[in-house]
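Please open the structure in your viewer and keep a selection tool at hand. The tour goes from one selection to the next and says what is there at each stop.

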Amino acid sequence: MQRSFLLYFLITIIGLVFIGKLFQLQIIKNKEYDPIHNAAVKIVYDYPERGYVFDRNNKLLVANQLSYDIMVQPDKVSSLDTLEFCNLLKIDKKSFLKRFEKAKRYASYLPSVFLKQLAKEDFAFLQEKLHKYNGFFIQRRIIRDYPLPAAANVLGYIGEVNEQKAKKNNYYQQGELEGKDGIERQYEELLRGRKGKKYLNRNRFNKVTGSYKNGTYDTLPENGKDLTLTLDIELQMYAQQLMKNKRGGIVAIEPSTGEILALVTAPSYDPNMLVGRKRSKNSYKLFKLDSIEKPTFDRGLLAAYPPGSPFKMMNALIGLQENVISRHTTFTCFEGYRYGNRPNEFMGCHCGIYNQPIALKTAIAKSCNSYFSNTYKRIVEKGKNATEGLNNWNKHIRSFGLGNYLGYDLPAGSPGLIPDGKYYDSRYKFSWSAATNISNAIGQGEVLTTPIQLANFTAAIANRGYYYTPHIVKKIDREPIDNPNFTIPKKTTIDQKNFSPVIEAMHEVFKTGTGKWSQVKGIDICGKTGTAENFIIKNGKKEQLEDHSILVAFAPKNNPKIALAVFVENGGYGSTIAAPISSLLIEKYMNGKISKQNKYRERTILEKSLEHIYAKQIPKTENSAKGKK
């Protein structure tokens, strides 16, 4: 009886084991089964339409066009006439072997790009011939098309997924396309959609015989989402024209929303240069050869410049907030500011009002260095020591978004530099004072800002104490964005009441001050011109170059619609180039056109070239310095 029970028990256990194993094979394994490893199964990817991109006025900026790639799956390639195949594809044997080895190294059982973006005239011919070569097939893809030669730095471009990423990310295969810069990179997952897959049976002759498992594993493609940008492409293109033959950056923001109206870097390039079979050649030219003009370097987001005189408004606001000055406080300018006893410890000034008291409004309008040096000194000396005083100064400045990345929705950026007490403690071993870094008073010294930071700072002044994080996307599939980072205002540490005297002074700049020659009839512009000293190391020696031309402005004075920052490298005084560019952009945006009375101003800027100045900055080679023998 006991033996019989033991026998039945063993039979039951063995039966359960077999049933469990069968369940694992038929149900669990079947769900996890990946037909990609099955040699008798061909996978065809159905690539979705990448999302379209529009400007704020629904003008098309980015569309799609069809492209065809030759794909290879090495483990399915049988013996072939290499010479005949190479002639068919118009490549040599060395190129064939290099491409094939690369595909094998990636994954012999996965398809990857062998030859990308066929010419249209070759597609039909190859489609008929390629079935003779096992393991090779044609894949339809979507590539980009740019109707306008503008905003390349904003839009970015798409490029091939490399081997490393393809191995790490199971969505991509080597040779597929992804966003590499700009919004194409930042919003890649939204724009790309989701590709579909079809699994097909094939026989030993490599012919497709039907759907694998009646399409159980097949998936449909999902098109990418369309994006509507905050850009006004007309303003963007006009700004690019004004910056022709110049270097620098322009950023324009709508103060009430933080929406970026224009984001210009100069020089730039036509985004169509990075599309099609010429992309590789153009990439080398843009990214490698042109290391001087740097057309792919976004100066609006990445270039950190001394902010110059526009920074005086920051020190004015901090001085008012800390009660070390009032709108009625006066200082006397003795053609500059002496901050030490040595002959060289003197900061010159060109305000033109000497040996008489100057109040805040005039100091901003005439850009008096002495006034703001005295103000800065009072700010720093208000603390128990210089370190504490400067830390408090730093806190106020950072509340405007300076000294950090701001958090906008583009992949490039620079924090700039707003020094604090620790910065100078480490350099001067705690033995320093306001006089040590007095250049911070006028936006020189160690202070560095990017154009987008200064544009945002100007928007915060226009709003009298708050700003919205700058952003470039307005809608996703026609639905307004709902990101609290972009829709909730950030408050500065400056009380609202303290903005009024500064705004009045900025208005005076365009009435009687350094911007008076760039007024626009009917538009109350508030702004500040600036000139920043500029040095480079050339042939091992420090050399001073022409100053950078700077202007920040917003308009109109009440209920402002646009705030902007203009940097023109080596442009000289802010009033000569940056100011007229700013007024032209404001007039174009507010009125939609340039008035007849300002056409001369427009023509002057359009024809102005600084290339002869930039040419001087190119280090001479030994041969070019000596001349030809």
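The stops below cover a helix, a sheet, a hairpin, several salt bridges and a loop residue.

This is a predicted model, in which local features need pLDDT of at least 70 and side-chain atom pairs count only at pLDDT 80 or more, while totals for chains, interfaces and linings use all residues. Residues are numbered from 1 along each chain as its sequence is written, and side-chain values use heavy atoms, with hydrogens and water left out.

**Helix α2**

Select residues 82-89, which make up helix α2; helices here are DSSP runs of H or I with at least four residues, strands are DSSP runs of E with at least two, and both are numbered from the N terminus. Colour T82, F85, C86, L88 and L89, the buried residues of this helix, where buried means under 20% relative accessible area, exposed over 50%, and partly exposed in between, with a 1.4 Å probe and protein chains only. Looking down the axis of α2, you will find these buried residues within an arc of 155°, so they line one face of the helix; the arc is that of the directions from the helix axis to the C-beta atoms. An α-helix has 3.6 residues a turn, so residues three or four places apart point the same way. On the other side of α2, L83 and N87 are exposed.

Now go to the start of the helix, where a side-chain oxygen of D81 comes to within 3.2 Å of the backbone nitrogen of L83, a polar contact in the sense of a pair of N or O atoms within 3.5 Å, of which, within protein, one must be able to donate a hydrogen and the other to accept it, with residues adjacent in sequence counting only if both atoms are side-chain atoms. Just after α2, K90 has a positive phi of about 60°.

Which residues does C86 touch, not counting those up to four places away in sequence? They are I91, D92, K93 and F96, contact meaning heavy atoms within 4.5 Å. C86 counts as buried because its relative accessibility is 3%, and its C-alpha atom is separated by 7.0 Å from that of F96, 10 residues apart along the chain.

**A three-stranded sheet**

Next, select β1, β8 and β9, which form an open sheet in the order β1-β8-β9 with antiparallel pairing; two strands pair if DSSP finds at least two bridges between them. β1 (41-46) and β9 (208-211) are the edge strands, each pairing on one side only. From one strand to the next the twist averages 40°, with axes taken as lines fitted to C-alpha atoms, for helices over the stretch in contact, and angles running from 0 to 180 degrees between N-to-C directions. Strand β8 (residues 196-202) is joined to β9 by three bridges, and R202 has V208 in β9 as its bridge partner.

**A hairpin**

Move on to β22 (residues 541-555) and β23 (residues 562-568), which run antiparallel and are joined by seven bridges. A553 has L564 in β23 as its bridge partner. The two strands form a hairpin with six residues between them, and in the turn N559 has a positive phi of about 55°.

**Salt bridges**

The structure holds 23 salt bridges, each being a side-chain nitrogen of Lys or Arg within 4 Å of a carboxyl oxygen of Asp or Glu. Show E188 and R50, whose side chains meet at 2.6 Å, N to O. This pair links distant parts of the chain, with E188 in helix α8 (residues 188-192) and R50 in the loop between β1 and β2 (53-54), 138 residues apart. Both E188 and R50 are buried.

Then select E508 and K361, a salt bridge with its closest N and O atoms 3.7 Å apart. Here E508 in helix α19 (residues 499-511) and K361 in helix α13 (residues 360-366) are 147 residues apart, and the pair links distant parts of the chain. E508 counts as buried because its relative accessibility is 15%, whereas K361 is partly exposed, with a relative accessible area of 39%.

**T329 in its loop**

Finish at T329, in the loop between α12 (312-321) and β13 (331-332). Is T329 buried or exposed? It counts as buried, at 16% relative accessibility. A polar atom of the T329 side chain lies 2.7 Å from the backbone nitrogen of S326. Leaving aside neighbours within four places in sequence, T329 is in contact with I358, A359, L360, Y371 and R378.
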